[in-house]
Amino acid sequence: MFVLNPQSGTPIYRQLVDQVTRLISGGQLTPGTELPSVRELAELHAVNPMTISKAYTLLETEGLLERQRGKPMRVATRRRNQAPLAQRLQQLEAAAAELALAARQLEIGKKELLTLVGDQWEKENG
Amino acid sequence: MADPTVSVRDLTTWRDSKAVLDSISADVLPGDIIGVLGKNGAGKTTLLETLLGFSRPDRGSVAVFGEDALHLSAAAKARIGFLPQQDELFGMLNGRQQLAIVAAFHAHWDHALIERLTAEWTVPLTRRIDSLSVGERQKLGVLAALGHHPDLLVLDEPVASLDPIARRQFLQQLFAIGENERRAVLFSSHIVSDLERAANKVWIVKDGRLHWQGELDALKESVVRLHIRSRAPLPANLAAPNALATRIDGNTAMVTVTQWQPALADTLASQFDARIDVEGLGLEDIFLELHR
């Protein structure tokens, strides 16, 4: 469900927070969906459970996840006001910067790049 | 906050008129899994041994569970598990006999745990220890260090000779230990990818000093590499604040900085009329950059 790369320059907890946030704003993770337990995720990815727990706690503070007594964390059921567009766009900034850099290195123009992104968008949204 | 498990203050040790430990101060807190990194000869082993009171520092002090490390009570010693770099297993015994001797020293030896791990890690118990492979011997050493559920587990290069599967099993055991918030683990290793999975904190030892200590996450957020691309040639004396390394090549430059703040990118961009791309670094790269 998640791609965690311990060797990345981005801390593991940050990778998890970003992915959960994206999946929730994208609607793939719907309200009430239960997430894997800290232990399950830590074992699956062979990472320190503390780092998973840190990510979950942060997501809980942000109101994206809620803790249930004796059960796994789940996506918050209370209908949240959607974050403002600017804030959602901000989450894409890093990915956009990376894409733009790669395009520049390949000497791909803005128009071609935008077409590519547009095509990909069509594919994703069927 | 909980009392520190280990409290190191101004630790200094001289050898042949060179400081092998130089003014080291640090704490190990309950719940910590600390990875100790350093080049060969940087002082890791001396640090770990001095920490446990095996050698007397020339200056400074160490407290373990609040007691002077040089005069630990039997009760405090019973709460420590230690695997030295050169293990102290008896070559003429077999694994079962060796573990029985260690177990006899501890009132609360967890026979069930050790039996389970012996099977999972495929440690041969019936062969003489001096006939075991280096890796098998290392696994036995780790078992001997943790069977009494120490509150402080110190491992000097515990996985150097283990294969990837055994290393993964070892990490899982570290996590199981870490689940108990009373316990602390301190381990040195050159296998940086293991440290990245296991450690919540990192100590980087360089020339006898603790060159960096703190949370691994904070280290990764602090040290980044900036790629600067300007329209004009960059000045040869380009100096970014907190730069660790600077390489300038015509219109472009690569600068590794610590204490990274996003605002720095804007400052540099306007200062040099340049584009700034920020690259996060893995621990191995950070380690190398800190040694330039």
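Me: In which loop of chain B is B:Ala236 found?
Reply: This is a predicted model, in which local features need pLDDT of at least 70, side-chain atom pairs count only at pLDDT 80 or more, and totals for chains, interfaces and linings use all residues. Residues are numbered from 1 along each chain as its sequence is written, chains are lettered from A and ligands numbered from 1 in the order in which they are written, and side-chain values use heavy atoms, with hydrogens and water left out. Helices (H or I, at least four residues) and strands (E, at least two) are DSSP runs, numbered from the N terminus. On that basis, B:Ala236 is found in the loop between strand E11 (224-230) and strand E12 (243-249) of chain B.

Me: Is B:Ala236 buried or exposed?
Reply: Buried means under 20% relative accessible area, exposed over 50%, and partly exposed in between, with a 1.4 Å probe and protein chains only. The relative accessibility of B:Ala236 is 78%, and the residue therefore counts as exposed.

Me: How far apart in space are B:Ala236 and B:Ala253?
Reply: Along the sequence, B:Ala236 and B:Ala253 are separated by 17 residues. In space, taken from C-alpha to C-alpha, the distance between them is 9.8 Å.

Me: In what order do the elements of chain A run from the N terminus on?
Reply: Chain A holds 6 helices and 2 strands. Read from the N terminus on, these elements follow the order α-α-α-β-β-α-α-α.

Me: Which helices do the buried residues of H2(A) pack against?
Reply: Helix H2 (residues 38-45) of chain A has A:Leu41, A:Ala42 and A:His45 as its buried residues. Seen down the helix axis, these fall within an arc of 100° (taken from the directions from the axis to the C-beta atoms), so they line one face of H2(A). On the other side of H2(A), the exposed residues are A:Arg39, A:Glu40, A:Glu43 and A:Leu44. With contact meaning heavy atoms within 4.5 Å, the buried residues pack against helix H1 (12-25) and helix H3 (49-61) of chain A, together with helix H7 (192-198) of chain B.

Me: Which residue just after H2(A) takes a positive phi?
Reply: The position in question comes just after the helix, and its phi is about 50°. The residue is A:Ala46.

Me: Is B:Asp277 buried or exposed?
Reply: Its partner in the salt bridge, A:Arg104, counts as partly exposed at 32% relative accessibility. For B:Asp277 the relative accessibility is 8%, so this residue counts as buried.

Me: How many residues apart in sequence are the parts that B:Asp10 and B:Arg59 tie together?
Reply: B:Asp10 and B:Arg59 form a salt bridge in which the closest N and O atoms are 3.1 Å apart. Because B:Asp10 lies in strand E1 (residues 6-15) of chain B and B:Arg59 in strand E4 (residues 59-64) of chain B, the parts that the pair ties together are separated in sequence by 49 residues.

Me: What is the arrangement of the rings of B:Phe170 and B:Phe187?
Reply: Rings of Phe, Tyr and Trp (its six-membered ring) pair if their centres lie within 6.5 Å, and planes under 30 degrees apart count as stacked, over 60 as edge-to-face and the rest as tilted; by this rule there are 2 aromatic pairs over all chains. In one of them, the rings of B:Phe54 and B:Phe82 have centres 5.3 Å apart and planes at 35°, so that pair is tilted. B:Phe170 and B:Phe187 are both buried. Their ring centres are 6.4 Å apart with the planes at 70°, so the pair is edge-to-face.

Key:
A salt bridge is a side-chain nitrogen of Lys or Arg within 4 Å of a carboxyl oxygen of Asp or Glu.
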